[in-house]
Amino acid sequence: MSATNTVDPSEIAKFEAMAAEWWDLKGKFKPLHMMNPVRLDYITSQIAAEFGRDLSQPDPFKGLRLLDIGCGGGLLCEPMARLGATVVGADAAEGNIPVAKIHAEQSGLEIDYRHTTAEAMAEAGEQFDAVLNMEVVEHVADPQGYLDACQQLMKPGAIHICSTINRNPKSFAMAIVGAEYVMRWLPKGTHEWNKFITPDELFGFIEKAGMTPVDRKGFVFNFAKFTWSISDKDLSVNYVTAATKPVE
């Protein structure tokens, strides 16, 4: 049964208001919107390279089934759907799902949004060509168990793209003190520094889960230009990795 049939109109109105804020480029989610272009550049280039797709062609990801774990309001799901992928967006936070559904409907996009977890989907036998796992792994209680579930969600030959935050004094200064206390981009307590994961640790978890790491890059914020960029060398705070599941 769809959300429009089970939620009363006053609740729908609340979610519509929230959806508008999620997608407001100048609202409380402005930092995420600022970062989204570099995330999309990385994701689309990695998927295109892995599956031999031409991003200049219409619907380059047609025929690919993609999962975005921790999808929030759908900031990554919608561009992936526009590129032709069959998209499932999953989030453990139940309140995000109606928000994402409403915006997708307003945008004329068909996206399968679900209130569920990676583990539950893996147990159900779901599999995908691409799994997006962006800024989630630093929030889970058991990173290895979580990444094991992500691996189970991948078809042989699938790609897994995972971004998170490095653990060092600079990341504490930037991601916690700077983002939460100085810039107030995030609510205080959003991140716990001791849950941050170094690139070598993440590669270790990924390899132990049965995936093959193929790439890692940094997402770097330039305070002077107030913009994000991708770096081959600077993985000191935000970074992203790509890994594949071997073809048996």
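Is Asp91 buried or exposed? With a relative accessibility of 9%, Asp91 counts as buried, where buried means under 20% relative accessible area, exposed over 50% and partly exposed in between (1.4 Å probe, protein chains only). Here is a friendly tour of the model around that residue and beyond. This is a predicted model, in which local features need pLDDT of at least 70 and side-chain atom pairs count only at pLDDT 80 or more, while totals for chains, interfaces and linings use all residues. Residues are numbered from 1 along each chain as its sequence is written, and side-chain values use heavy atoms, with hydrogens and water left out.

**The chain as a whole**

- The protein chain has nine helices and eight strands; these are DSSP runs numbered from the N terminus, with helices (H or I) of at least four residues and strands (E) of at least two.
- Of the 248 residues in the protein chain, 51% are buried.
- Among contacts (heavy atoms within 4.5 Å) with a separation of 6 or more, 67% join residues 24 or more positions apart.
- The accessible surface of the protein chain is about 11900 Å², and carbon and sulfur atoms account for 54% of this surface; the areas come from the Shrake-Rupley method with a 1.4 Å probe, and for residues only the protein chains shown count as cover.

**Annotated positions**

- An unreviewed UniProt entry lists Arg39, Gly70, Asp91 and Met134 under "binding site"; the positions follow the numbering used here, feature names are shortened, and annotations may be inferred rather than shown by experiment.
- Asp91 belongs to strand S2 (residues 86-91).
- A polar atom of the Asp91 side chain lies 2.8 Å from the backbone nitrogen of Ala93.
- Met134 sits in strand S4 (residues 128-134) and is buried, with a relative accessible area of 5%.
- Beyond residues up to four places away in sequence, Met134 touches Arg39, Ile43, Ile69, Leu76, Ile161, Ser163 and Val240, and Arg39 is another of the positions listed by UniProt.

**Nonpolar cores**

- The largest nonpolar core has 35 residues, and Ile47, Met80 and Ile161 have the most contacts inside it; such a core is a set of buried Ala, Val, Leu, Ile, Met, Phe, Trp, Tyr and Cys residues joined through side-chain atoms within 4.5 Å.
- At least two residues of this core come from each of helix H3 (30-51), helix H4 (77-82), helix H5 (96-106), S4, strand S5 (154-165), strand S6 (212-222) and strand S8 (238-244).
- H3 gives the most to this core, with eight residues.
- Not counting residues up to four places away in sequence, Ile47 touches Phe61, Leu64, Leu66, Met80, Ala130, Ile159 and Ile161.
- A second, separate core of 29 residues includes Ile69, Val136, Leu147 and Ile206.

**Helix H9**

- Pro199, Leu202, Phe203 and Ile206 are buried in helix H9 (residues 199-208).
- These four lie on the same side of H9, because they cover an arc of only 100° around the axis, taken from the directions from the helix axis to the C-beta atoms.
- The buried residues of H9 pack against helix H7 (143-152), S5, S6 and S8.
- On the face of H9 turned away from its buried side are the exposed residues Asp200 and Lys208.
- Gly210, which follows H9, has a positive phi near 100°.

Technical notes:
A polar contact is a pair of N or O atoms within 3.5 Å; within protein, one must be able to donate a hydrogen and the other to accept it, and residues adjacent in sequence count only if both atoms are side-chain atoms.
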